[in-house]
Structure formats: C-alpha cells, structure tokens
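Please examine the sequence and the structure shown below.

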Amino acid sequence: MPRLDIRLKTDLSATTVCGTGPERTEEKVRCKELSLSGCLLVGLKTEPQSIFALSLVLPVQGRIELAAELVKTSRNCAVVRFFFPNRQALSSLWGYMRRQAVELDICPYCGKGLDGARDTCTVCGQYLRFTENSYLDQHLQATFPDRIKDRLTKLDPSFLQQVIAFMDNNIMGLNQEASEEEFVGTAPAILKVFDMIRRAASTEMNILILGESGTGKELTAQAIHEKSVRKDKPFIIVNCAAIPDGLLEAELFGYEKGAFTGAVASKQGRFELADGGSIFLDEIGDLPAGLQAKLLRFLEDRTIERVGGKAGRRIDVRIIAATNCDLAAMVKKQNFRNDLFFRLNSFTIGLPPLRERGEDKVILAKYFFTKIGRAEQTHLAGFSEAALRTIRSYDWPGNVRELENLLERAMIVAESNVLDIDPSWICSPLPLGEGPGVRARGSLRDQEKQSILDALESCGGKIYGADGAAARLGLKPTTLYGKLRKHGIRSPKNDGQ
Ligand SMILES: Nc1ncnc2c1ncn2[C@@H]1O[C@H](COP(=O)(O)OP(=O)(O)OP(=O)(O)O)[C@@H](O)[C@H]1O
Ligand SMILES: [Mg+2]
C-alpha cells in the first residue's frame, strides 16, 4: 500500500518543547524528512515521554507549531507522528512541501514511478498534481478512509457512536435537535435501525415499528419524525392501549357538538391535531376492530370523519405505528385486519431486544449513568467491575427501560463512590411478557397479571416515579395503565403523579 502522505527530504531547524511551567524543556533538532502527518528528527537527546510540541521553521511560511508524539527511535533518529494539524498549520506545511514537490523526479508516495505529464503516478496511482490548489482537499478525501481505519482499532465503541452522531448532527447538519445523540447503540442490529430511520424519514410511507417492551419504539418513531420534512409540524402520540375503547374513536377522530351525552362543544381529534405532521399510534395491536376499519378507510382516502359529523375532512398525516404484539399471528387468529396489517407493514423496523445487543448493554449503562449523574449531580465516579459483569450477564427482559430504571434506583441508593449493582435487584420477579425470567406457572396472561399485582402491592399502589410500579416493571406509566385495563385491575386512587 502506498504511503498516505508524500514524504520529502528536508533540512529544517526544529525545536521540541516538552512540559509546561517550571518543567518545560526545549531541545534544538534538525528535521530531515517531512510529510503531512509526521517527520524524521535528528539530534534528539532526550526522548519525550508524552505528547509534545514541535516547532518547525519553514523558509517562506515561517514558524509553525504542531502537536506530536514519538513513534520510534533508532540511533540518532526519531520518527515522529503529528496529531492532525489545524487548517492554518496544514496549509503552511503544504505550501512548503508543494514547492519542493514540483522538482521531484520520483513519486514521493511510492518512491518509484513518476510521470510528470500525467495526473497520477504510473506505479501506485496516487494523484500527483501538487501545484493544483485543490490538491490538498483531494488528497485528504482520498486518504480519509485509511486515516480513519488506522484510528478505529484504538477507539472505544462508545465513542464511535458519538463520532457518527457528531458527523450527522454537526458536520452534515442533519438534525439540530440531536435526537440521535440520545439514541445510543453500536451493535450491528442497531446500526441497521439507524440506517432504516434515515431511509424511513426520507419517504412518506407508513411505518410499522416492532419490538419488545422498552426496546425504543417511541424513540424510533420520534427520530423518524424529527429527521423528516415534517419535523417542524406536530408529532402526536396516541397509546391505543391506554385510552378506554369507548373514548378512543372520539379521541382519535374528534367529535361534533351533541354527538353523545357530554359532547357540549365540538372537539378536534388527534388526527386533526397532527395535520401536516406525524401521528404515532403506539400499541396498535390493541386497536379495537371498529377502529381498525376506520383507520383503514383513512389510509385509503386520507379523510377523517368526526364522531357525529356528516362531512369528511382531508388530513395530511404520516402514520407511524408500533406494537410489541406479534401482529402477523394476530392476523392469523383474525384479531387484526389482514388488509390493515398489509398497509402498515410496507416499511417495518424491528428493534432487537437488549439481550441481543452485546456490548451495547454497557454502552447504554454508561450513557444513562452520565445522563442521570448530570441531572442528579452524582458523586459517583463510575461502575464497579462487578456491576459491569452483572450488566453484561443479565438478559434484561424489560430491555432498555429496565436498564435505565435500574440505574436510576442504584444511583440513588449508592453509598460508596463506585456504583454497585446488587444482582438480587435484577433477579427479582419483575419480568413481563415473553422474557426469559418469566415464572413457569399459569398462562402468560396470568403471569403478567400476577406480576402487575405484585408490583402494585410492593409499591403501595404507586404507579409513577422511580419507586413506582411502572418503573419496577420496566414499563411506561401509560403502558401500565393499558395493562391494568386489559386485566380488569382497578387503577389505584393515589398513583403518585
Ligand atoms: N438506544 C437507546 N438509547 C438511549 N435511550 C434509549 C434507547 N432505547 C430506549 N431508550 C430509552 O428507554 C426508554 C424506553 O424507550 P421507548 O419508550 O422508546 O420504548 P418502547 O419500545 O416504546 O417501550 P414500550 O413498549 O414499553 O412502550 C426511554 O426512556 C428511552 O429514551
Ligand atoms: Mg412505547
């Protein structure tokens, strides 16, 4: 592989500067070879132990200062690597090198061919038109992947996510709200989700998001909306399981005055409120049959009719639906309309459960630690080794929300300056649904009901808050309310809100 940079013989005076204040030392050396990313120094008597400043005197451009580190030494010579210089230092460096490069008779990359009449070296194929003003930009663009690859092995995966988000938000300017910064993950399956979010955002298709409870379905819906052209218009969330069946139609489609007892004035529904933007139909599997038909009609003619209304109203809304149910199985059992399923299923994003995201468990834990720590001004310095082992080895049936809730609780009760996680906290019988921790008695439905009753009892009927039943079960309070309704459990009077 040819070198990334052209390397030239030089004889420049240079000074290495190590340390600061009373510990500062300087040494005069000669720079005998120079490239855009490093040089060869001769005459260095003491080896700098860490990063040092290298001051180079260029004949026309004058003195430039670069941050550098020692790569290796042999006899009187030291090979030095530069940390990528700022634009000004880089153009001074290039200005000097470019003048020398025009007189070359061999390729400064591979040291072999050079065909002055051509643009590129006949041997290594590098672009050689050093006199062109665009050379530096072209050269940087061509060598960028190799430069990044060289640094990749040294990068902590959690930084990779930050780098990608930084590129998207700050360099590409894709999303000023930075919602993706709050969407953490480096597992291949999550990177695929990020990619699908981008693709989904650029279309007007209906989107169906599937995933277990707490895997980030709402976060995904929000990210799609925020990256779409509709981002400045409303994003309306409807949890179909949390609104009683009898009220859902009026809530979604609005009603006219006098449509039913208590309808003293007309009211807009959530579809109308979302006009121009997106509507997120969460827990779509809980949509009653009558409303499935009404939603299908909307998808066909983009018109809604208020309850008690006579005329349809055209509404421009993009639908994003989500569920943790197996919709295909519901279709087979005729609990969900086949035609509606096919309309919604045209662009599906599947969120992987946390147990399948490998090191993301720890990356997410560190993310929540920082986020909660900032809000609570924590004294904690980080995780104990045992806590990280517990996080890695647990299956997290409540997924990301369970991890977030657990960290919140653990950080509140922490006494030492490192965060410990008592394995008994997460092995308590909390899981709902099909998680691996589900107790092996009764039907799934019975187990779910029993888990909810247990949680309500141990939280004194409190639903909200870090010590409420929703947090304990790894659910959102609205989701828990939906489940209370489903199991016919009476809502507590004092829910802690
Ligand atoms: N990849 C992620 N990065 C950061 N936070 C996340 C991630 N995934 C989920 N979360 C957080 O976890 C919590 C649960 O996410 P969300 O509400 O989107 O899940 P959900 O799948 O809609 O859950 P449910 O099925 O219970 O409604 C939220 O606080 C969310 O911000
Ligand atoms: Mg949700």
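## Report on the predicted model

Glu33 lies in strand S2, which comprises residues 25-34. Helices (H or I, at least four residues) and strands (E, at least two) are DSSP runs, numbered from the N terminus. The structure is a predicted model, in which local features need pLDDT of at least 70, side-chain atom pairs count only at pLDDT 80 or more, and totals for chains, interfaces and linings use all residues. Residues are numbered from 1 along each chain as its sequence is written, chains are lettered from A and ligands numbered from 1 in the order in which they are written, and side-chain values use heavy atoms, with hydrogens and water left out.

The side chain of Glu33 makes a polar contact of 2.8 Å with that of Lys9. A polar contact is a pair of N or O atoms within 3.5 Å; within protein, one must be able to donate a hydrogen and the other to accept it, and residues adjacent in sequence count only if both atoms are side-chain atoms. When neighbours within four places in sequence are left aside, Glu33 is in contact (heavy atoms within 4.5 Å) with Arg7, Leu8, Lys9, Thr10, Cys39 and Leu40.

The buried residues of H4 are Ile190, Val193, Phe194, Met196, Ile197, Ala200 and Ala201. They cover an arc of only 165 degrees around the axis, so they lie on the same side of H4. The arc is that of the directions from the helix axis to the C-beta atoms. Exposed residues Pro188 and Lys192 are carried on the face of H4 turned away from its buried side.

Met196, in helix H4, is buried, with a relative accessible area of 17%. Not counting residues up to four places away in sequence, Met196 touches Phe347, Thr348 and Ile349. The C-alpha atoms of Met196 and Lys112 are separated by 46 Å, and these residues are 84 residues apart along the chain.

Helix H5 (residues 217-227) is largely enclosed by the rest of the structure, because eight of its eleven residues are buried. These are Lys217, Thr220, Ala221, Ala223, Ile224, His225, Glu226 and Lys227. The buried residues of H5 pack against H4 and against several strands, including S7 (207-210), S8 (235-239) and S9 (278-282).

| Residue | Part of the residue | Distance to an oxygen atom of ligand 1 |
|---|---|---|
| Ser213 | polar side-chain atom | 2.8 Å |
| Leu219 | backbone N or O atom | 3.0 Å |
| Arg401 | side-chain N or O atom | 2.8 Å |

Taken alone, ligand 1 exposes 630 Å², and the protein buries 92% of that. Accessible areas come from the Shrake-Rupley method with a 1.4 Å probe; for residues, only the protein chains shown count as cover.

### Residues with positive phi

Most residues other than glycine have a negative phi. Gln334, although not a glycine, has a positive phi of about 60 degrees. Gln334 is placed in the loop between helix H9 (327-332) and helix H10 (338-344), and it counts as exposed at 72% relative accessibility. Asn399, also not a glycine, has a positive phi of about 60 degrees. Asn399 is found in helix H13 (residues 399-413) and is buried, with a relative accessible area of 0%.

### Further residues

Thr479 lies in helix H17 (residues 477-486) and counts as buried at 7% relative accessibility. Leaving out residues up to four places away in sequence, Thr479 touches Asn239 and Glu283. Arg75 lies in the loop between strand S5 (62-74) and strand S6 (77-82) and is exposed, with a relative accessible area of 88%.

Definitions and conventions: Buried < 20%, exposed > 50% of the residue type's maximum accessible area, 1.4 Å probe, protein only.
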